[in-house]
Amino acid sequence: FVRYHENMNTPPDPLPDLDAVLDHARELRIPDTLAGDQGVDALRVLLTVRNLIDHLCATVVGVLDRCAVARGQGRTLSELVIALGCAPSVAARLIRIGTALPALPTLAAHAADGAIPAEHVDAIVQGLSHIDRRSPEPIGAADRFTQVTDLLGQHFSGATPSEIAKRARRLVNRAAAATGGLPAAEDRSI
């Protein structure tokens, strides 16, 4: 395949045949009589695939955003993603994740492995956004890495998305207190 394209002086298509992947997935059947361990193993793999698919969808949404595809069609990115079959809340989550991940390589790497559900990735992205909004100065790379690592640690320790959001608020309140910023209770912007 690659040699054919080299001879034709055209680059090979970087995407696999996603329709073939879809057809193969549609052919999968789960028997009604799975043994306990088999069922647990099957669910573990399927949830990892779900996480990976959510990451790939968010990645494509991020590319669509950077390429201004929706604007070229005279609509918003949200309208485009909803028109393609997403519920509005899922579309909003994919947009938040897809536009944020290029600047968060550590989080993106874990999401690309299928290790983190989209709901947790979104909680981390929203937590970091909250930190950015409350921070009196731009966040440096070292501090951002520390924040991402802290929030990832929350996920891997079993925290729920709402617990990750609470942790992000604690991080920003601690940083605000250290820099003489306003306590959250006195900050009218939140």
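Biologist: What volume does the largest cavity have?
Modeller: About 40 Å³. A cavity is a set of points on a 1 Å grid over the protein atoms alone where a 1.4 Å probe fits but cannot get out. The volume is the space filled by probe spheres set on the points, joined across faces, edges and corners. This is a predicted model: local features need pLDDT of at least 70, side-chain atom pairs count only at pLDDT 80 or more, and totals for chains, interfaces and linings use all residues. Numbering runs from 1 along each chain as its sequence is written, and side-chain values use heavy atoms, without hydrogens and water.

Biologist: How many cavities of 30 Å³ or more?
Modeller: The structure holds 1.

Biologist: Which residues line the largest cavity?
Modeller: Among them are Asn51, Asp54, His55, Ile97 and Val121. Lining residues have an atom within 4 Å of a point.

Biologist: Which element supplies the largest share of that lining?
Modeller: H3, with 4 residues. Both H3 and helix H8 (118–134) supply at least two. Helices are DSSP runs (H or I, at least four residues), numbered from the N terminus.

Biologist: Which residues lie nearest its centre?
Modeller: Leu18, Val21, Ile53, Leu56 and Cys57, out of 24 lining residues. Helix H2 (18–27) and helix H3 (36–66) are the elements that give two or more residues to this lining.

Biologist: Which one gives the most?
Modeller: H3, with 10 residues.

Methods. On a 1 Å grid over the protein atoms alone, a cavity is a set of points where a 1.4 Å probe fits but cannot get out, and a pocket is an open set with protein on both sides within 12 Å along at least five of seven lines; lining residues have an atom within 4 Å of a point.
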